[in-house]
Amino acid sequence: MLVASRPRTFWITHLTVSLFRDSSFSKVARTGPGPWVTLPSAAGWGRIVNTSSEMGIVSAPGNVPYGCVKAGLIAVAKGAALEEAEYGVTCNAICPGFVETDRT
């Protein structure tokens with residue numbers, strides 16, 4: 001389906017639900033006093049890992065909404081890494097590529 005043919009409500013719902021469900025906002029697993037923290041500890045270190053996709057780096061026709069969400073996850077990882085570095089926390093986005101299966 002073409003980008004222009006998708007209704008505005010689709011974009012709002014898809015991006016909001018997918019980005020916030022998949023990102024560090026809901027899966028913070030770290031210790032320390034930084035801005036992304038929900039689990040304070042004196043350890044002063046932590047790791048945040050988002051699973052993005054190669055589609056967040058290069059897009060393809062028909063996959064624009066998916067690519068937007070995955071690019072957003074990469075941006076979240078970059079921003080969180082900068083904000084959390086002073087607390088000893090690293091943040092990364094892994095971007096698996098295409099995997100051929102019987103469903104593809």
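Predicted model: local features only at pLDDT ≥ 70, side-chain atom pairs only at ≥ 80, totals over all residues.
Trainee: Let's start with the overall layout. How many helices and strands does the protein chain have, and in what order do they run?

Mentor: There are two helices and two strands. Going from the N terminus, they run α-β-α-β.

Trainee: Why is Thr16 called partly exposed?

Mentor: Thr16 has a relative accessible area of 40%. Buried means under 20% and exposed means over 50%, so a value of 40% puts Thr16 in between, as partly exposed. You'll find Thr16 in helix H1, which covers residues 8-22.

Trainee: And how far is Thr16 from Val69, in sequence and in space?

Mentor: They are 53 residues apart in sequence, and their C-alpha atoms are 8.7 Å apart in space.

Trainee: What about Gly44: where does it sit, and what makes it partly exposed?

Mentor: Gly44 is in the loop between H1 and strand S1 (46-51). Its relative accessible area is 31%.

Trainee: What makes Ile48, Ala77, Ala80, Val89 and Cys91 a nonpolar core?

Mentor: A set like that needs buried residues of the listed nonpolar kinds, joined through side-chain atoms within 4.5 Å. These five residues form the largest such core, so each of them is under 20% relative accessible area. Helix H2 (64-84) and strand S2 (89-94) each supply at least two residues of this core. In soluble globular proteins, nonpolar side chains tend to be buried together.

Trainee: How much of the protein chain is buried?

Mentor: Buried residues account for 31% of the 104 residues. As for the surface, the chain exposes about 6,700 Å², with carbon and sulfur atoms supplying 63% of it.

Trainee: Which residues line the largest pocket, and how do they divide by class?

Mentor: The lining consists of Ser52, Ser53, Glu54, Met55, Tyr66, Pro96, Gly97 and Phe98. By class, that's four nonpolar, three polar and one charged. The pocket's volume is about 160 Å³.

Trainee: Last one: what share of the contacts between residues at least 6 apart in sequence join residues at least 24 apart?

Mentor: In the protein chain, that share is 61%.

Methods
Residues numbered from 1 in each chain as written. Heavy atoms only, no water. Helix = DSSP H or I, 4+ residues; strand = E, 2+ residues; numbered from the N terminus. Buried < 20%, exposed > 50% of the residue type's maximum accessible area, 1.4 Å probe, protein only. Contact = heavy atoms within 4.5 Å. Areas by Shrake-Rupley, 256 points an atom, 1.4 Å probe, with all protein chains shown as cover. 1 Å grid on protein atoms, 1.4 Å probe; cavity = no way out; pocket = protein on both sides within 12 Å on 5 of 7 lines; lining within 4 Å. Points joined across faces, edges and corners; volume = space filled by probe spheres on them. Nonpolar A, V, L, I, M, F, W, Y, C, P; charged D, E, K, R; others polar.
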